[in-house]
Structures are given as structure tokens and as C-alpha cells.
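Please find below a note for a colleague who is meeting this structure for the first time. The points are numbered so that each may be taken up separately.

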Amino acid sequence: AVVSTQSTGLRHMEISGPIKDPATEEQIHKSTFIIYFQGEQLKLKVKKICEGLGATIYPCKEDWEERRQTESEVDKRLAEMTNILNETKNHRFRMLNTVVTSINSWIIQVRKVKAIY
């Protein structure tokens, strides 16, 4: 479908594998795209099409320096979240190792208590 006779650019990429929808908890397939354009009329057309497709629209700063700053902030948050996930994984691993070393003695204690009652 032709949106405009003006110059636009489109970049599209499929996301490999399904993603869990936080609202419905269902696994859904998603793709990403970015549209480059100029002008308010074209902006309104693109916005209307995206809304019709149920796409999420993320704002993009006009100034190059602001875009670089936003990218830097996103990279920083991504690194923090990756660190948190790694720490959580390590903590879970340590806890499971503790359980593994104690489970045999717990089973023996439970059997003794059951034998008494």
C-alpha cells in the first residue's frame, strides 16, 4: 500500500521466537520496524497506520545529541538489568546448592518425626 509519494525509509526485523505478552501472559510472535520520514502530514499517516496495526510507537528525539544521550541511557539500563538478572541467577544457584547439600539430612529428620508419631 502506498502511504505517500514522499520519500520514506523502512527497516523491518522479525524477533526470533515468541515473547510473553505481559498483559495476557500468552506467547506471541512480534517483529520490529522503524520508519524514517519527514513532515507532519506523513507523521500523521504513519501514526494512523501503526495504531491500526496495534504497533507501539516510541518517540525519537529530533536532535542527534539527544538521541545519543537516550541511547546511552538505554544501554546503561540494559547493563543494569543484565547485572540484576545474573545476580539473581547466581543467588538461585547458591540457594539450590545449599538445598542439595541439606536435603538428605532433612529427609532423615522427616522420617524420624513420622516414626515417632
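The points below go from the overall form to individual residues.

1. Basis of the note. This is a predicted model, in which local features need pLDDT of at least 70 and side-chain atom pairs count only at pLDDT 80 or more, while totals for chains, interfaces and linings use all residues. Residues are numbered from 1 along each chain as its sequence is written, and side-chain values use heavy atoms, with hydrogens and water left out.

2. Secondary structure. The protein has two helices and four strands, arranged from the N terminus in the order β-β-β-β-α-α. Helices (H or I, at least four residues) and strands (E, at least two) are DSSP runs, numbered from the N terminus.

3. Overall form. The protein has a radius of gyration of 26 Å, well over the 13 Å that the globule rule gives for 117 residues, so it is more spread out than a compact globule. The radius is taken over C-alpha atoms, and the rule is 2.2 Å times the number of residues to the power 0.38. Along the principal axes, the C-alpha atoms fill a box of roughly 85 × 30 × 20 Å.

4. Burial and surface. Of the 117 residues, 3% count as buried. Here buried means under 20% relative accessible area, exposed means over 50%, and partly exposed lies in between (1.4 Å probe, protein chains only). The accessible surface of the protein is about 11200 Å², and carbon and sulfur atoms account for 57% of it. These areas come from the Shrake-Rupley method with a 1.4 Å probe; for residues, only the protein chains shown count as cover.

5. Contacts along the chain. Contact means heavy atoms within 4.5 Å. Among contacts between residues at least 6 apart in sequence, 32% join residues at least 24 apart.

6. Charges. The protein carries 18 positive and 15 negative charges, and their mean positions are 10 Å apart. Lys and Arg count as positive and Asp and Glu as negative, whereas His and the chain ends are not counted. The place of a charge is taken as NZ of Lys, CZ of Arg, CG of Asp or CD of Glu.

7. How many salt bridges does the structure hold? There are two, a salt bridge being a side-chain nitrogen of Lys or Arg within 4 Å of a carboxyl oxygen of Asp or Glu. One of them joins K20 and E25, with the closest N and O atoms 3.1 Å apart. K20 is partly exposed, at a relative accessible area of 48%. E25 lies in the loop between β2 (19–20) and β3 (27–28). Although E25 is not a glycine, its phi is positive, at about 65°. Most residues other than glycine have a negative phi.

8. R68 is partly exposed, with a relative accessible area of 46%, and E65 is partly exposed with a value of 46%.

9. Strand β1. R11 lies in strand β1 (residues 9–14), and E14 is found in strand β1 as well. R11 counts as exposed at 58% relative accessibility; E14 is exposed, with a relative accessible area of 55%. Leaving aside neighbours within four places in sequence, R11 is in contact with T32, F33 and I34, and E14 is in contact with K30 and S31. The C-alpha atoms of E14 and H29, 15 residues apart along the chain, are separated by 8.6 Å.

10. Distances across the model. R11 and V110 are 99 residues apart in sequence, and their C-alpha atoms are 61 Å apart in space. D75, in helix α2, is partly exposed, with a relative accessible area of 44%. D75 and G54 are 21 residues apart in sequence and 26 Å apart in space, C-alpha to C-alpha.
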